[in-house]
Amino acid sequence: MTTQASGTIVDRLWSSALGHILPESRDRSLRPGLGDQVDLFVLQSATTELISLNPGFARVLYTSAYESAERNAYFIIRRLGMPADFFWKFDQWSEDRALKIVRRVVDRVFSELLDQHNAGRLFVESVDVERGRFELSFRGCAECRGTRVSGAVCFFHAGTFAGILGSMLNRTMIAAEIECEGTDGDQGECRFLVGEESDRNISARIAEAQEESSPKLTTGTPPLEQSTIDIGYYQLLLGTVFLPNLDLLETACLEAGREIGRKIAGQIRNDMDGDSAKQVQSLFASMRYMDLKIERHDDDWLVTADGVPESLGALSNAAVVPIFCGELESLLNELGDESIRFESVERVGNSLLVRFIPNI
Amino acid sequence: MTTYRALALGILGALVLALLAPVLGDNGGAGYSEVVQPGLLFLASVLSLRVSFMYRSLMRRLFTFLAVFLFLFGLVTVTSLVDEVAMALDDNFLRALLGYQVITYAFLILALFVGVRVSGLGKVGSRGRIALIIFLILAVVIVARSFPTFQDLADSSGEAAAIYLVIRVLDVLAMVLVAPALILFAQNARAKHQESLSFSVIGIGIITSLVLVYIYELLSGDSLSDIAFRDYQTGSLLDALYIFGYSTLAVGIFVHWQHQEWSMRRVEQILGFDGDDDPS
């Protein structure tokens with residue numbers, strides 16, 4: 001996939017996300033059958049597993065999120081009718097005005113956008129105009145809500161928030177997570193420090209977090225009760241981070257999926273009731289991830305998947321991010337009595353057809 | 001309300017306010033001009049001071065200097081006050097007026113200097129250069145036009161003639177200094193992250209307030225002293241031009257103040273936040 005093609009898809013995803021906060025398009029559903037919510041485990045397991053398996057992924061997550069948000073935040077506020085000069089001479093604004101206005105824009109547009117996707121709510125806590133610094137708090141963070149994570153995990157949000165503020169103020173911003181709900185669960189929120197590129201304190205924190213990051217996710221067995229996220233947000237993350245880097249990340253995604261599948265299998269093996277195919281179908285349905293139909297054809301396994309977030313709406317023409325293929329492979333291997341491996345995935349109408357072959 | 005709509009309505013309102021002076025004519029045109037001219041300048045001064053609190057650093061200085069300039073400029077349009085001061089100072093009045101004018105314009109020049117510095121808008125384009133040349137030619141013509149009166153005055157009082165010339169040169173100098181800033185702002189009116197439209201209107205207001213009388217002098221063919229005696233604050237066309245200039249200036253500053261609030265409300269309307277609490 002070319003950079004331009006993936007860029008167009010990401011822009012469409014942002015545009016679709018904007019649709020969530022516009023009154024006239026709020027009720028549009030991307031997935032009328034299964035609904036537009038997907039279990040939070042789907043998103044959390046994908047990001048944390050990729051960060052744990054690949055030391056460089058935290059940086060990819062942060063950078064991709066920054067670039068995507070920076071490009072699209074400006075278009076969003078322009079599409080909402082905000083004039084191009086809204087933040088003119090921000091470095092000369094009084095502290096009081098800067099806090100009021102930035103807080104209002106963030107609350108009305110970006111926090112609302114995240115909230116409508118059930119991805120969290122963003123607050124501007126303080127603004128230091130002279131140093132170009134912002135302190136943000138993020139409650140109900142989708143990346144770490146309800147989990148226990150050892151190590152930083154919210155790189156996507158850090159990049160996104162830096163990109164949003166950078167785009168609004170027309171300057172290059174950076175952001176570091178200074179407190180994480182997943183690590184310091186008592187806080188009930190994540191906190192971010194956003195500042196200008198030249199801010200050494202923040203850049204040092206970012207470098208430290210990215211180098212040390214190896215989060216170990218501790219969460220309940222999927223599905224996570226009452227913890228869902230809008231697939232639009234999951235798609236935004238997929239499109240923003242994975243599509244532009246799919247050549248680099250394809251193998252990593254598959255491997256991360258396998259690891260997630262192994263972990264789930266370990267958790268549910270003891271409660272197994274019935275054959276493995278039915279168990280996997282039931283698990284994916286309970287996570288509202290997708291509808292699966294798993295069939296055996298001679299030695300192969302054919303899985304027909306409907307309502308797959310990875311291939312709906314703006315992503316319908318995109319290359320499939322194969323995390324769930326890895327998950328299916330591990331689950332079928334671990335829960336069944338055969339050894340199979342992922343062979344291919346192809347689009348057939350609105351469905352995805354995933355083929356697994358015997359592992360010889 | 002949008003900024004464009006507010007500017008359009010504001011300028012329309014300025015036009016109505018201005019036309020009222022000649023429409024009233026002998027039936028109160030003079031009294032109307034005597035009240036409205038300083039009133040508008042004081043209003044613009046208060047607005048400029050309010051805007052200065054929206055900023056810190058250079059931008060705060062810019063609007064503070066502009067507020068002081070407008071206040072001082074407004075004071076000399078209060079005819080009754082000027083008459084009393086003239087009587088009290090007698091022969092020293094012209095010298096005092098010159099000193100006052102130097103101080104007044106010093107604030108304007110400071111504001112313009114800070115404005116150009118803070119904007120950092122780059123170079124003037126080819127159209128801008130043509131406009132600048134026109135402004136320079138106009139400046140030269142305005143100064144040249146004063147020589148006959150200057151010579152007449154010089155025959156009776158050298159000092160009065162010198163003061164007369166210096167006041168005119170100061171007015172023209174202010175115009176020449178405002179012009180590049182105005183052109184640069186207009187050039188960037190559509191640029192990303194540039195708040196130029198209301199600034200351009202403020203610049204137009206300053207220029208018209210300063211030099212309209214000289215253009216009126218050029219067009220009418222009369223000397224400035226005749227015009228001042230015959231037309232100033234009498235409900236004349238000259239008064240209408242002044243009122244229009246001052247109103248435009250006040251409108252520009254008001255729109256600059258409200259620009260962000262109007263823009264934000266528009267966004268909130270689109271997002272369906274009508275009447276909700278302000279999160280800030």
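How much area do chain B and chain A bury between them? In this predicted model, where local features need pLDDT of at least 70, side-chain atom pairs count only at pLDDT 80 or more, and totals for chains, interfaces and linings use all residues, I will take that question as my topic. Residues are numbered from 1 along each chain as its sequence is written, chains are lettered from A and ligands numbered from 1 in the order in which they are written, and side-chain values use heavy atoms, with hydrogens and water left out.

The answer is about 3,200 Å², with 56% of it on carbon and sulfur atoms, where buried area is the accessible area (1.4 Å probe) that two parts lose on being put together, summed over both. The contact, meaning heavy atoms within 4.5 Å, takes 37 residues from chain B and 34 residues from chain A.

Let me turn to the charged pairs. Between the two chains there are four salt bridges, each a side-chain nitrogen of Lys or Arg within 4 Å of a carboxyl oxygen of Asp or Glu. In one salt bridge, the side chains of R56(B) and E130(A) meet at 3.8 Å, N to O.

On chain B, the elements that give two or more residues to the side touching chain A are α3 (57–75), α5 and α11, and α11(B) supplies the largest share, 11 residues. Helices here are DSSP runs (H or I, at least four residues), numbered from the N terminus. That side of chain B divides into 15 nonpolar, 11 polar and 11 charged residues, with Ala, Val, Leu, Ile, Met, Phe, Trp, Tyr, Cys and Pro as nonpolar, Asp, Glu, Lys and Arg as charged, and the others, Gly among them, as polar.
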